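Visitor: I have a protein model to read. Can you take me through a few of its features?

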Amino acid sequence: MEHALAALGELFEPMRLLALFAGMVAGMIFGMLPGLGGVAAVSIMLPFIFLFDSYGGLALLLGAIATVYTSDTITSVLLGAPGSPASAPTAIEGHAMAKRGEASTALGLGFLSSMLGGVVGAVTLALAIPIAGPIVLALGTPELLMFALVGLYFASSMVGKNLAVGVLAGCLGLLLGSIGPAPAAANYRFTFGQAYLLDGLSLTIVALGLFAIAEVIGMLAGGGGISTKGGQAVTSWRPGFAAFWKYKWLAFRGAIIGTFGGFVPAVGANASTWVAYGDAMRSSKDKSRFGKGEPRGIAAAEGANNATIISDLVPTLLFSVPGGPAAAIFLGALFSFGFYPGPRMVSEQPELLYLIVWSVALASVVGAAICFAVTPLMARLTNIRFALIAAPLLLVMVAGAYQSTQTLGDIAVLLALGIVGWYMKQADWPRAPVLVGFVLAGPMEQYFWLTNQIHGWSWLGRPGVLLIASFIVVPLVWRLVTALRTRRAEADSVKAAPSSDGVDEARRGTSSSRLVLAVLAVAVMAYAAFETSGFRPNARLLPMLAIVPGLALAILVLVQEVRAYLNQPGAFRVDAREEYPVAGLLLLYGVGIALFGLNLATLAFLLLVLTRFAGMRVIPATIYTVVLIAGVNGMFELMRLSPPAGYLFDLV
């Protein structure tokens, strides 16, 4: 209690409260933008954490984390477009209710259920710290290494349909994290003679590129407004409060399900929300109402997703194992401020842990209150064109990336990773494992090196290591057994009915993006193996941990895609043709910044975006662009930076 009260006093310092509120506003805005969600909100806010002290910077991120799944209820209900995948059940039931004229009921129920889930998650986080603290203190580096491997495996195996692709994505993330200096040897790895890479890649740039830039490409190519439907009227909130009181225990049960989902690294809100939704359906007497505007589905789903996103922080803080992508970014922010989750934090920084608890609890309650206030206005703005939002969004991302080292390399890597993330999205390759692997690369290498130095290879027989390793082995064996049973059942059905459509995945054809990514993965892993052979032994530890399984999996995935093409060549297709010009335009924007500087390149780029994708006339588009450029220059001034001038101007 002493530490909890002291942490509350620390949080109520004015600048920290301002940071928390700013994070809440950012989280709410990005929660309301379909497809962006928590990862984009946290990654875009990441560059600005250094404007505050360590507690204030972390409060900024926590405010965003705690409010994303509250505000995405707005677009889910009013537009039928989930702000994030975890809000899909809310979009199904809530939008159906809105069409019946019950938008107020669906929104009020969703906001209050999200608030309850956030509070339950915060209480769970507070209780987990003293209970799990002694357990964490008893762990050695071998156990911490295995926990990191478990987190990476879970992130890789529970996102996406193909286990091999997921684990391969995690290995690629480890390789990205190994760029730069080796901590245990005097070696620079994978720098290709570029001074920019000597310090490795920035977490901000990796997160922005893989997620935010990739989503913007798809949304710009889609054109039009955020929604093609008309706005929904929001009147009295009384029905929403009545519905919440009626289904309060169902929302609480969803929050408990979400809490346990958050404890398991990388399960995330997507899985927890659907589990809670399924539980609500199972316990309902009339299951036929689900999918047609059933408030029980909203209560369970919204209670689960907010609880999950907060309880994700439990494995993050106690074991350095991110519970999800947003938690992975938060883990990177902790490292940036010199805080190291695990035994040291539990014993030396208990006030920081309770400050995190207070931040998410306060943000959950206040965020719900703000959502109640702004929703009537948002209901009248549902037809805004996304290009109007994308313009300032891209500028913020470029500015956030550039502040890392203040070189053009920041922008080049941001756009390059954006193209990679966009291509992975088209190929249905999970991106979360790449981010989790990147964040865990540092601590995993440290634990791996210390473990080998202290224990040799005898650590593999330690009881704790074997117990933790069972979290990987048991689900993996079960998954393999299930896959074999499914394949046998499909084979039997094909024999029984040869003319049926019961073909396996290898016979469904492939796409250009999946085939190209498989080839690139093999090439990257093979080159990394060749390059690693020249490193010192201690510098090879982490790269080989990624390369050995990664190369084998890359070859396996390539074989799968080639077989899919050979079995059904006619099914080969090029994904999302309409998005390629937008991706090319972004690359040209990067070239323009390098040649002519940020201001001139942005002027040309935004004028094209606003006139082509937003349908604005030239004069209003010019005024809007000038205002945005002035704003981003003010942002640079605030960060005490100068925007890139461009190569041609440097020559002059």
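Visitor: Is Cys171 buried or exposed?

Guide: Start with the cut-offs: buried means under 20% relative accessible area, exposed over 50%, and partly exposed in between (1.4 Å probe, protein chains only). Cys171 has 5% relative accessibility, so Cys171 counts as buried. Cys371 is buried too, at 0%. This is a predicted model: local features need pLDDT of at least 70, side-chain atom pairs count only at pLDDT 80 or more, and totals for chains, interfaces and linings use all residues. Residues are numbered from 1 along each chain as its sequence is written, and side-chain values use heavy atoms, without hydrogens and water.

Visitor: How many disulfides does the structure hold?

Guide: A disulfide is a covalent bond between the sulfur atoms of two cysteines. The test here is a pair of cysteine sulfur atoms within 2.5 Å. The structure holds zero.

Visitor: What does pLDDT say about the protein chain?

Guide: pLDDT is the predictor's confidence in each residue, from 0 to 100. The protein chain averages 79, and 83% of the residues score at least 70. Residues 226–231 fall below 50. Beyond near neighbours in sequence, that stretch has 19 contacts in the model (heavy atoms within 4.5 Å).

Visitor: Where is confidence lowest, and where highest?

Guide: Helices are DSSP runs (H or I, at least four residues), numbered from the N terminus. The lowest mean is 62, in helix H27 (residues 647–651). Helix H22 (residues 512–532) has the highest, at 91.

Visitor: Where is Leu595, and how exposed is Leu595?

Guide: Leu595 sits in helix H24. Its relative accessible area is 31%, so Leu595 is partly exposed.

How values were computed. Helices (H or I, at least four residues) and strands (E, at least two) are DSSP runs, numbered from the N terminus.
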